[in-house]
Amino acid sequence: MDQQTHNGAEFELDLGWMEKQGEWNTHAEPSKNGLTLADIQVGFYADTPEESRNLSGRPRGAVPRPGSMPIGNYTVRTKSEIWLENASFLYEEALQRQWSSATDIPWDTIEPLPDDVEQAQCQMATFLTEVEFVAGDVPSRWVSKTSPDFYEARNVLMAQVMDESRHMDVFRKRALVNGGGLMRATGATAGFVGGIDLARDFTEMSSRLHLSGEGAVLTIFRMGELMAYNDAEKAIYRLCAQDEARHVAFGVMHMRYMAANAPERREEIESYLDEAEAGMLTDAANPAGQLNQTSESLSIMLGGGRKYFDEGFRKLVSIRKRQLQEYQKRVTSAGFGDRFKNGRSRLGQMMANVAN
Amino acid sequence: MATAKDADRVRPALTLTKEELEVEVPEPRLNWMNQWREWGVRVRPGNKGLTLGSLNVGLYGEIPMNWPDRSRNPRGAIGVTGTPPVAIQIKDKVDLWAPCAADLYEEAIQRRWAPATDVDWKAIHPLPEDIERAICQVCTEICQYAIIDVEVITSWQHQMAYGYHEVKQFLATTTLDATRRHEAFRKRALVNGGGLGYEGPCQVSRLLLESSGGWTETVTGLILIRALFTQVMIRYLNRFAYNGVERKIYECVTQDFARLITYGVEHIKYALAHAPDKQGSILTTLAIGFRMFNRDLRDPVLREALAIVFGGGIAGARNEGMLVFYEMLDEYVQELLDACQYLRLPVSIEQLPKVFQKDQRHSAEN
């Protein structure tokens, strides 16, 4: 350390670091939405490397320190593995649209429901609490493995973790607010081969989590008006749908980037999609899928009671179709629409069998 | 009571196709009905709304000391058995719990902020170049701390048992806080004619990332060394802020840090109360941490940049600025010792490297 004194003499300064600064004279300008991440993509600071050599956690654009230790545990160091073009937008939107399950839901609008409907609501809330756990933990784990040179994508994932945390708590709250309780867990997110947890590659994980898993849940949330019995439940589904739409957008935009920038990985991604499609109706993580615990509770909610189960089931079948149609649109938007024309996708067959 | 028919009337219709209307409906099994551990729960919102902590009633408020279930069963639900386990390593309450976690979670949500719109960026004005360079250097190092904070916490979250969801949920707020901290300081560095600076040293960061043996030990380093120091530094930066933009950032970040530090200190307190033998590893972590911190402080970059900010420029840094820097370091040490006293950890100033001891600092530096 430099020579210092406490007796009135001046401290000596090195100041060599003042010559080691990144691109200078940067004037990011706020736009109509404030000073957004997009607004600070100026000059050198907008450059995202195709391959990150940053192993020490320095902010992108800072001057590397010779001799820094490779302390970061980054397995995601290639831009195409994680990147998407609209990450800045999704992150800023996520911050603007944060909400509170404690105070933004009109809980006092909930009134006692018939026991069969309350049980169905509580079973669905139990299931959603369970699956939101995985949707929070898995992106979080990937952030710790991703180079901070891709901080925009990391930021969106961190906002997702926060969103999922809030979803967990809002559905737990719903289960415990109206004379019910939590019911039976499904085990839908256990450590099965092909599960979201076990993906070894980020894009593989994203295809399972964002595109098929959260895509299916998004369709359900968008149908929230049909399942809600009061303004509180309507608000829950509407706000969750808003969050979920961002998560699905992440998956679609990432896959689009991957398709355009890593064509050598197209076939691999097609395989992920094959697997995702195969599980769309059979996978327990789809609340409208074939697991009777969730499909029956949804049918009761949609129909208006056990007595109207048949009506509810028919609505459920219609929702399953929407799930498949929306999935097809997302995959097409991501640049993999050919699979629906060249016979690779089994979505057509699945559409014909949604009632089974 | 609303009836099913009432409910049906207020819900919008879904127009079904002829084919859908003719779907053969299977006989429901309904074997999931009447399956619960406790029914009839009716938590009502209080004056802070319907909070996470208020849900802890009856069986749902029983938080066991051990949670062996390695699935994602929500606490209070009937669990499933026979499914492959997920990679949960922290299964004992003593290893992660803090009684205040649920309250901190709700507070974090209520106090959310957005750097893009809650900071009046247009109010910033050009500063003398030496001061701008110094501020940008400080921003760079705070960004780097925030990046590492995110990586440290996210590498643990998925390993925590679901029975302790209050902690997992609170930690989700802390990683978003750290993400926002990185964002806010990056924006500050790039908005006023400056840019990012020189990468900071990484010994404390290395300690935090490599502390993979236990969350309590990680929290010890993360809170008592990194967060407490950063909190004090930001308090000083606020005192010497050059404009409202900086003041707003420092105020918001201070609130975020206060919650993280509260969780950390209360967790260590809980751990020590329920597993006194943890004291040894906590003290060892602190001792190693201080050696690492000492190495980071040998690097002049952050010290000089802060001295320039505190001293109003390079000239002032050589006198007043550096004295304020050491005053800041002393204040950090005092807060650390206060925290240790609260935690009944036998840490005295004599045990710290000399740079942290006001009376010994001079000999350490020569």
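Between chain A and chain B, 62 residue pairs are in polar contact, both partners at pLDDT 80 or more. A polar contact is a pair of N or O atoms within 3.5 Å; within protein, one must be able to donate a hydrogen and the other to accept it, and residues adjacent in sequence count only if both atoms are side-chain atoms.

This is a predicted model: local features need pLDDT of at least 70, side-chain atom pairs count only at pLDDT 80 or more, and totals for chains, interfaces and linings use all residues. Residues are numbered from 1 along each chain as its sequence is written, chains are lettered from A and ligands numbered from 1 in the order in which they are written, and side-chain values use heavy atoms, with hydrogens and water left out.

**Stop 1: the chain A side.** Select α2 (87-96), α3 (115-143), α4 (151-177), α6 (224-227), α9 (292-303) and α10 (309-336) of chain A; each supplies at least two residues of the side that touches chain B. Helices here are DSSP runs of H or I, at least four residues, and strands are runs of E, at least two, numbered from the N terminus. Colour α3(A): it gives the largest share, 16 residues. Now colour by class: this side of chain A has 62 nonpolar, 43 polar and 33 charged residues.

**Stop 2: the whole interface.** Show both partners. In contact (heavy atoms within 4.5 Å) are 138 residues of chain A and 142 residues of chain B. The buried area is about 12200 Å², with 61% from carbon and sulfur atoms. That area is the accessible area (1.4 Å probe) that two parts lose on being put together, summed over both.

**Stop 3: salt bridges.** The rule asks for a side-chain nitrogen of Lys or Arg within 4 Å of a carboxyl oxygen of Asp or Glu. Zoom to A:Asp197 and B:Arg72: their closest N and O atoms are 2.7 Å apart. Next, pick B:Lys187 and A:Glu92, at 2.9 Å. B:Lys187 lies in α6 (residues 165-191) of chain B and A:Glu92 in α2 of chain A, so this pair joins two chains.

**Stop 4: the largest pocket.** Select A:Gly194, A:Gly195, A:Ile196, A:Asp283 and A:Ala285; of the 23 lining residues, these lie nearest the centre. α5(A) gives the most, with 5 residues.

Key: Nonpolar A, V, L, I, M, F, W, Y, C, P; charged D, E, K, R; others polar. 1 Å grid on protein atoms, 1.4 Å probe; cavity = no way out; pocket = protein on both sides within 12 Å on 5 of 7 lines; lining within 4 Å.
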